Amino acid sequence: MKGDCGENPGARRDRVEITGMCRDQDPMQNRGNCEDQMPPTVDMNPSFLRLWRARFQGAPLYCANEGSEGVLASEGWRDYTFRATTVGQKRIEKYLLKECGPGSNLFHVGIGNSLLAQDFHPRVSMIVGVSIEHNEVHHGLQSGASNYFPFVMNKYSLQFSQAFSSDYDFVVDNNPSTFCCCFFHLVRMMTAYRRLMRNGGRIVTERIGLGWVVKGGNPRWGFDFEDWGRIAEVLGLTTSNINGEVYTMQHHQPV
Ligand SMILES: C[S@@+](CC[C@H](N)C(=O)[O-])C[C@H]1O[C@@H](n2cnc3c(N)ncnc32)[C@H](O)[C@@H]1O
């Protein structure tokens with residue numbers, strides 16, 4: 001996607017609003033095309049490369065798409081504004097009910113119908129969410145919860161990996177690999193999730209969503225607990241299988 005600053009549609013709109021032009025249209029900053037300006041990040045270390053070779057070769061190593069990485073063509077798979085909460089998401093929310101408290105900050109990736117925010121906003125300090133879908137974010141913003149902040153953002157993007165501080169107790173994503181394009185972008189996203197965590201924080205997923213692949217998609221994007229664990233190992237995190245359904249990653253020793 002040349003000529004659009006290589007970002008998702010939501011991000012592109014924001015940027016144009018702020019600067020009035022994309023960087024590749026700005027004579028002061030024009031250094032060629034978008035790919036030159038947005039080099040991939042350096043989250044891919046040798047251990048991840050070895051892990052791809054050993055376990056994830058069924059998925060592409062790098063898709064070379066820094067514009068719409070992991071964005072599915074079919075909106076039907078993405079827009080959950082008015083769809084029911086998935087079973088996996090409900091299981092995560094049941095877990096969170098026991099684990100979070102008034103001081104907790106939640107980060108929700110794939111906000112769907114925003115019912116998580118609706119149910120949890122009176123119980124926690126703050127909820128930040130991201131979705132690729134404008135409709136979902138628009139709907140979330142209508143909720144009126146003063147401590148809920150949904151963003152249109154692609155979780156596999158460079159922009160996402162640099163956008164948020166390390167202030168979250170729970171990073172929730174029940175479909176971390178479902179929409180993925182390549183191992184490189186999966187690693188970028190997981191590294192970003194790791195950075196989002198406060199000391200003692202947890203990344204939370206769930207068996208069904210982790211294993212779910214969209215119709216016609218690459219079956220290797222269906223992960224199991226062993227896959228989750230191998231990625232955690234390279235990130236320097238420890239996994240827990242809470243009840244055979246909810247899986248977490250956390251720092252070895254909560255500080
Ligand atoms: C299957 S829906 C699940 C919604 C909700 N988590 C649930 O389980 O009820 C997938 C969610 O992920 C979002 N999504 C898909 N691809 C994404 C991406 N690349 N970055 C951020 N969100 C994405 C969709 O817009 C949608 O909110």
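Start at helix α3 (46-56), where Phe48, Trp52 and Phe56 are buried. These three cover an arc of only 50° around the axis, so they sit on the same side of α3. The arc is that of the directions from the helix axis to the C-beta atoms. Buried means that 20 or more other C-beta atoms lie within 10 Å of the residue's own; exposed means 12 or fewer, and partly exposed is in between, with C-beta atoms placed from the backbone. Helices (H or I, at least four residues) and strands (E, at least two) are DSSP runs, numbered from the N terminus.

Before moving on, note that this is a predicted model: local features need pLDDT of at least 70, side-chain atom pairs count only at pLDDT 80 or more, and totals for chains, interfaces and linings use all residues. Residues are numbered from 1 along each chain as its sequence is written.

Now select the other side of α3. Pro46, Ser47, Arg50, Arg53 and Ala54 are exposed there. Then show what covers the buried residues of α3: the cover includes α8 (183-196) and α10. Contact here means C-beta atoms, placed from the backbone, within 7 Å.

Go to Ala64, in the loop between α3 and α4 (87-99). Ala64 is not a glycine, yet its phi is positive, about 60°. Is Ala64 buried or exposed? Ala64 is exposed, with 12 other C-beta atoms within 10 Å.

**The sheet**

Select the seven strands. They form an open sheet in the order β3-β2-β1-β4-β5-β7-β6, with mixed pairing. Two strands pair if DSSP finds at least two bridges between them. Which strands stand at the edges? They are β3 (148-152) and β6; each has a single partner strand, so one side of each is left without a neighbour in the sheet. From one strand to the next the twist averages 20°. Axes are lines fitted to C-alpha atoms, for helices over the stretch in contact, and angles run from 0 to 180 degrees between N-to-C directions.

Zoom in on β1 (residues 105-109) and β2 (residues 126-131). They run parallel and are joined by five bridges. Val109 stands opposite Val130 in β2.

Helix α6 (residues 134-141) packs on the sheet and touches β2 and β3; its direction makes about 160° with that of β3. Select Glu136, Val137, His139 and Gly140: these residues of α6 are buried. Down the axis of α6, its buried residues fall within an arc of 160°, so they line one face of the helix. They pack against α5 (115-120), β2 and β3.

Step to Ser114, in the loop between β1 and α5. Here is another positive phi in a residue other than glycine, near 65°. Ser114 counts as buried, with 26 C-beta neighbours inside 10 Å.

**The β5, β7 and β6 end**

Move across to β5 (197-206). Five bridges join β5 to β7, and the two run antiparallel. Pick Glu206: its bridge partner in β7 is Val246.

Next take β6 (residues 237-241) and β7 (residues 246-251). They too run antiparallel, joined by five bridges. Leu237 stands opposite His251 in β7. The hairpin of β6 and β7 has four residues between the strands, and Gly244 takes a positive phi near 85° in this hairpin. Now show α10 (residues 225-235). It lies across β5, β6 and β7, running at about 155° to β6.

**Gly211**

Select Gly211, found in helix α9 (residues 207-211). Gly211 counts as partly exposed, with 18 C-beta neighbours inside 10 Å. Which residues is Gly211 in contact with, leaving aside its neighbours within four places in sequence? They are Gly222, Phe223 and Asp224. Asn175 is 36 residues away along the chain, and its C-alpha atom is separated from that of Gly211 by 8.0 Å.

**The ligand**

Finish at the ligand. Of the 21 residues around it, Thr86, Gln89, Gly110, Gly112 and Lys155 come nearest. A residue is near a molecule or strand if its C-beta atom, placed from the backbone, lies within 6 Å of it. Colour the shell by type: it divides into seven nonpolar, ten polar and four charged residues. Ala, Val, Leu, Ile, Met, Phe, Trp, Tyr, Cys and Pro count as nonpolar, Asp, Glu, Lys and Arg as charged, and the others, Gly among them, as polar.

Key:
Two residues are in contact if their C-beta atoms, placed from the backbone, lie within 7 Å.
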